[in-house]
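Q: Could we go through this model together, one feature at a time, with the general idea ahead of the particular case?

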Amino acid sequence: IKIYSDGADIRDMREAAKNDFLSGFTTNPSLMKKAGVKDYLTFAKEVVKEFPDYSISFEVFSNDHDTMLKEAELLHSLGKNVYVKIPIITTEGKSTASIIKYLSEKGVSINVTAIATIDQVKEAVASFAPGTKNIVSIFVGRVADTGTDPTEFVKESVAATKDHPEAQLLWASTREVINIFQAQELGVDIITVPPTIIKKLANVGKSAEKVSLDTVLGFEKDIKASGLK
Ligand code: E4P
């Protein structure tokens, strides 16, 4: 499985890139807000310049058809390694399939985002032009957040993309380290992981006894640090 870093803080991105396993980055408007990005284009150019060998996904901001196309073309022009993220629906709930199809035919690599149903996966895959390279981002964590087990959705998405070389399936909304192993087991191509979870990969292989001991050591450290009586 390929592992990407999910975020828009350039320092976190640099830190994540120190891991040999990392091969890409994903961003979205909420992550940019969280990272305090003020000028999108300046940020995007800086990222592309610094990481020319990584897959990088930048999202359009607009919902309006024409502006979306302009934004997509601008983002695409930043580098060959850029995937333009287009949400599968607009904020009015309308399908963006025709926009994806149009851009794909023009050779823009697309990352279809905000996907939460198998029909949306199929719609995205059907919109890609032959011979293009694209990503289908399924928001597994957000589905799980509704109390629904997302396993079937992931399995169906793997089946819907596996005979389509133009579509790589990406597990988005990663919540826990275990998700990386689940995604790999289910045959997902890529998982994008927040930096906080990338750091937790240091725990992989730790014994349960050590988890327990580290827990109480952590409590002791925090009691001392806080001066609690
Ligand atoms: C990445 O491409 C997605 O935008 C991201 O993983 C979404 O994460 P969230 O659902 O936790 O906000």
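A: Let us begin with the pairing of strands: two strands pair if DSSP finds at least two bridges between them. Strands (E, at least two residues) and helices (H or I, at least four) are DSSP runs, numbered from the N terminus. By that reading, strand β2 (residues 22-26) pairs with β3 in the parallel sense over three bridges, and glycine 24 stands opposite serine 55 in β3. Before going on, note that this is a predicted model, in which local features need pLDDT of at least 70 and side-chain atom pairs count only at pLDDT 80 or more, while totals for chains, interfaces and linings use all residues. Residues are numbered from 1 along each chain as its sequence is written.

Q: How many bridges join strand β3 to β4, and which residue in β4 is the bridge partner of isoleucine 56?

A: Strand β3 (residues 55-59) and β4 run parallel and are joined by four bridges. The partner of isoleucine 56 in β4 is valine 82, and serine 57 stands opposite tyrosine 83 in β4.

Q: Why is β4 largely enclosed by the rest of the structure?

A: Burial is read from neighbour counts: a residue is buried if 20 or more other C-beta atoms lie within 10 Å of its own, exposed if 12 or fewer, and partly exposed in between, with C-beta atoms placed from the backbone. In strand β4 (residues 82-87), six of the six residues are buried, so the strand is largely enclosed by the rest of the structure. In a regular strand the side chains alternate between the two faces of the sheet. Here Val82, Val84 and Ile86 point one way from β4, Tyr83, Lys85 and Pro87 point the other way, and all are buried. For β3, five of the five residues are buried, so that strand too is largely enclosed by the rest of the structure; Ser55, Ser57 and Glu59 lie on one side and Ile56 and Phe58 on the other.

Q: Where is asparagine 81 found, and with which residues is it in contact, leaving aside its neighbours within four places in sequence?

A: Two residues are in contact if their C-beta atoms, placed from the backbone, lie within 7 Å. Asparagine 81 is found in the loop between α4 (65-77) and β4, and, its neighbours within four places in sequence left aside, asparagine 81 is in contact with Pro52, Tyr54, Ser55 and Ile56. Asparagine 81 is partly exposed, because 16 other C-beta atoms lie within 10 Å. From asparagine 81 to aspartate 53 the separation is 28 residues in sequence and 7.1 Å in space, C-alpha to C-alpha.

Q: Which residues are buried in helix α9, and which are exposed on its other side?

A: For a helix one asks about the arc, which is that of the directions from the helix axis to the C-beta atoms. In helix α9 (residues 178-186), the residues Asn179, Ile180 and Ala183 are buried. They cover an arc of only 105 degrees around the axis, which puts them on the same side of α9. On the other side of α9, Ile178 and Glu185 are exposed. The buried residues of α9 pack against β1 (2-6), β7 and β8 (190-193), and α9 is followed by glycine 187, whose phi is positive, near 90 degrees.

Q: Which residues are buried in helix α5, and what covers them?

A: In helix α5 (residues 97-105), Ile99, Ile100, Leu103 and Ser104 are buried. They cover an arc of only 130 degrees around the axis, which puts them on the same side of α5. What covers the buried residues of α5 includes α4, β4, β5 (110-115), α6 (118-127) and β6.

Q: Which residues touch the most other members of the largest nonpolar core?

A: In soluble globular proteins, nonpolar side chains tend to be buried together. A nonpolar core is a set of buried Ala, Val, Leu, Ile, Met, Phe, Trp, Tyr and Cys residues joined through C-beta atoms within 7 Å. The largest such core has 47 residues, of which Val84, Val136 and Ile138 touch the most other members. Strand β7 (residues 167-172) gives the largest share of this core, five residues.

Q: Which residues surround the ligand?

A: Around the ligand are Asp6, Thr26, Asn28, Ser30, Thr113, Ser137, Phe139, Gly141, Arg142, Ala172, Ser173 and Thr192, where a residue counts as near a molecule if its C-beta atom, placed from the backbone, lies within 6 Å of it. The elements that give two or more residues to this shell are β6 (134-139) and α7 (140-144).
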